[in-house]
Amino acid sequence: ALPQTLADTDTRGLAPVSALFAGYEFCVLSADKKLPKDTLERLVVQHGGSKVQHPTVKTNVLLANSRGAIRVQNWIALCQRGNNPFGPKDVVHSSWFSDCVDRKQILPLNPRYMIYTTADLQDVFDRVMDCYGD
């Protein structure tokens, strides 16, 4: 059997709570005891998003709670080597997801939410943020 950190979460029959993440495809690369992977995946589906176990070209958001998780390290390495078949994708801290759910809106990404930032998004941050992160 797969460890819970890699297993797919059965979300059949979950009642929708909102359409906050309609059109978003998530992949949870890592989680923690406070907000485990299965809980995150259920919340994704309840709030209108879809989930996959392995990122694809359609995956909008890669969620993780730590840069140290092996799946996160492997993803970052693929992106940095430039041989990721799905192109470079940012890795967003799961706190961004929680904050979006709490505030009932999609919040803009900013450096405090990032575990790994692609060059394209870093360019955006560099253009729109001052030295204080505002």
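# Rings and overall fold

Me: Phenylalanine 26, buried or exposed?
Reply: This is a predicted model, and in it phenylalanine 26 counts as buried because its relative accessibility is 1%, under the 20% cut-off.

Me: Which ring does phenylalanine 26 pair with, and what kind of pair is that?
Reply: Phenylalanine 26 pairs with phenylalanine 97. The ring centres are 5.6 Å apart and the planes stand at 85°, so the pair is edge-to-face.

Me: Where in the chain do those two sit?
Reply: Phenylalanine 26 is in strand β1, residues 25-28, and phenylalanine 97 is in helix α3, residues 94-103. They are 71 residues apart, so the pair links distant parts of the chain.

Me: And phenylalanine 97, buried or exposed?
Reply: Buried, with a relative accessible area of 1%.

Me: How many aromatic pairs does a search of the whole structure find?
Reply: The search finds six. One of them joins phenylalanine 21 and tyrosine 24. That pair is edge-to-face, with 5.9 Å from centre to centre and 85° between the planes.

Me: Why those two values for a pair?
Reply: A pair of aromatic rings is described by how far apart the centres are and by the angle of the planes.

Me: Which residues do ring pairs link into a cluster?
Reply: Phe21, Tyr24, Phe26, Trp96 and Phe97.

Me: Different topic. How many helices and strands does the chain have?
Reply: Four helices and five strands. Starting at the N terminus, their order is β-α-β-β-α-β-α-β-α.

Me: What is the radius of gyration, and what does the globule rule give?
Reply: The radius of gyration is 15 Å, close to the 14 Å from the globule rule for 134 residues, so the chain is as compact as a globular protein of that length. Along its principal axes, the C-alpha trace spans about 45 × 35 × 25 Å.

Me: What share of the residues is buried?
Reply: Buried residues are 40% of the 134.

Me: What about contacts between residues 24 or more positions apart?
Reply: Those make up 71% of the contacts with a separation of 6 or more.

Me: How much accessible surface is there?
Reply: About 7,800 Å², and 54% of that belongs to carbon and sulfur atoms.

Me: Last one: how many positive and negative side chains?
Reply: There are 15 positive and 14 negative side chains, and the centres of the two sets are 6 Å apart.

Note on methods. Residues are numbered from 1 along each chain as its sequence is written. This is a predicted model: local features need pLDDT of at least 70, side-chain atom pairs count only at pLDDT 80 or more; totals for chains, interfaces and linings use all residues. Side-chain values use heavy atoms; hydrogens and water are left out. The radius of gyration is taken over C-alpha atoms; the globule rule is 2.2 Å times the number of residues to the power 0.38. Buried means under 20% relative accessible area, exposed over 50%, partly exposed in between (1.4 Å probe, protein chains only). Contact means heavy atoms within 4.5 Å. Accessible areas come from the Shrake-Rupley method with a 1.4 Å probe; for residues, only the protein chains shown count as cover. Lys and Arg count as positive and Asp and Glu as negative; His and the chain ends are not counted. The place of a charge is taken as NZ of Lys, CZ of Arg, CG of Asp or CD of Glu. Rings of Phe, Tyr and Trp (its six-membered ring) pair if their centres lie within 6.5 Å; planes under 30 degrees apart count as stacked, over 60 as edge-to-face and the rest as tilted.
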